[in-house]
Amino acid sequence: MSKYDPLRFELSQERQRERAMTFEEVETILGFPLPRSARLHQPWWSNSRGTHSHADAWLKAGWRTSRVDIGGERVVFVRNAAPAEPSSAPDAAAALASKPAPSRAGKGTGDMIEVEQQDFSPRAWRFLADRADATGGGLAAAIVQVVEDVALDRRRRLIEEIAVRAPRVPGDSTPLIREDRDAR
């Protein structure tokens with residue numbers, strides 16, 4: 001897996017034959033700034049397989065760079081061929097919650113969780129693409145939002161369970177609160 005996979009996922013969901021992006025849009029999809037060489041050197045955007053994980057991301061999605069404007073900080077991706085259909089899996093939330101994903105430390109950005117595209121069903125990909133369209137963010141942002149929603153729902157259920165199991169304090173709790181405050 002590569003840190004450039006959010007770009008691969010975004011392009012794999014694109015229905016048009018061409019997709020023009022600013023460098024800033026690419027950074028938003030990735031969730032981190034492009035390296036300095038991407039803004040200075042045309043070869044960074046070449047369609048070289050193997051040694052460049054960033055190029056592998058768009059090539060694996062079935063795209064290639066067509067026009068790069070370094071000065072204007074714009075790139076045009078053109079579809080090569082249709083990417084492979086992801087294999088069947090549970091819905092997105094279940095796939096993220098139930099399948100252990102490999103993780104590795106990011107370079108100064110914390111941990112990154114990586115999930116293979118084939119771990120999602122076509123229905124899950126449509127759900128995530130719709131979520132990305134609705135929020136105006138990229139596919140990576142949609143996945144993060146789904147995980148956060150699942151975590152928030154789980155937290156609510158835990159709090160409700162604790163409230164049901166916790167012993168009840170008889171009467172008014174005001175004297176206990178005052179006593180605690182005065183003890184400080």
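Is Asp5 buried or exposed? With a relative accessibility of 6%, Asp5 counts as buried, where buried means under 20% relative accessible area, exposed over 50% and partly exposed in between (1.4 Å probe, protein chains only). The structure is a predicted model, in which local features need pLDDT of at least 70 and side-chain atom pairs count only at pLDDT 80 or more, while totals for chains, interfaces and linings use all residues. Residues are numbered from 1 along each chain as its sequence is written, and side-chain values use heavy atoms, with hydrogens and water left out.

**Overall architecture**

- The chain contains eight helices and five strands, these being DSSP runs numbered from the N terminus (helices: H or I, at least four residues; strands: E, at least two).
- In sequence order, the elements follow the pattern α-β-α-α-α-β-β-α-β-β-α-α-α.
- The chain has 184 residues, of which 33% count as buried.
- Its accessible surface comes to about 11900 Å², with 52% belonging to carbon and sulfur atoms; such areas come from the Shrake-Rupley method with a 1.4 Å probe, and for residues only the protein chains shown count as cover.
- Of the contacts (heavy atoms within 4.5 Å) between residues at least 6 apart in sequence, 53% join residues at least 24 apart.

- An open sheet is formed by three strands in the order β1-β3-β2, with antiparallel pairing; two strands pair if DSSP finds at least two bridges between them.
- Strand β3 (residues 74-79) is joined to β2 by six bridges, the two running antiparallel, and Arg67 stands opposite Val76 in β3.
- The antiparallel pairing of β1 with β3 extends over five bridges, and Val76 in β3 is the bridge partner of Ala20.
- Helix α1 (residues 5-13) lies across β1, β2 and β3 and runs at about 140° to β1; axes are lines fitted to C-alpha atoms, for helices over the stretch in contact, and angles run from 0 to 180 degrees between N-to-C directions.
- Helix α2 (residues 23-30) also lies across β1, β2 and β3, at about 95° to β1.

**Salt bridges**

- The count comes to seven salt bridges, each defined as a side-chain nitrogen of Lys or Arg within 4 Å of a carboxyl oxygen of Asp or Glu.
- Asp5 and Arg8 meet through their side chains in a salt bridge (3.1 Å, N to O); both lie in helix α1, three residues apart, about one turn of the helix.
- Like Asp5, Arg8 is buried, with a relative accessible area of 11%.
- Glu14 and Arg19 form a salt bridge whose closest N and O atoms are 3.2 Å apart, and both residues are buried.
- A further salt bridge joins the side chains of Glu73 and Arg39 (2.8 Å, N to O).
- Glu73 lies in the loop between β2 and β3 and Arg39 in helix α3 (residues 36-40), so this pair ties together parts 34 residues apart in sequence.
- Glu73 is partly exposed at 29% relative accessibility, as is Arg39 at 24%.
- Salt bridges that share partners join Glu10, Glu14 and Arg19 into one network.

**Aromatic pairs**

- Seven aromatic pairs are found in the whole structure; rings of Phe, Tyr and Trp (its six-membered ring) pair if their centres lie within 6.5 Å, and planes under 30 degrees apart count as stacked, over 60 as edge-to-face and the rest as tilted.
- Phe23 and Trp45 are stacked, because their ring centres are 4.9 Å apart and their planes stand at 25°.
- This pair links distant parts of the chain, with Phe23 in helix α2 and Trp45 in the loop between α3 and α4 (53-60), 22 residues apart.
- Phe23 is buried at a relative accessible area of 0%, and Trp45 is buried at 2%.
- Trp45 and Trp58 are likewise stacked, since their ring centres lie 5.9 Å apart with planes at 15°.
- Trp58 belongs to helix α4 and is 13 residues from Trp45; Trp58 is buried too.
- One aromatic cluster is formed by Tyr4, Phe23, Phe32, Trp44, Trp45, Trp58 and Phe77.
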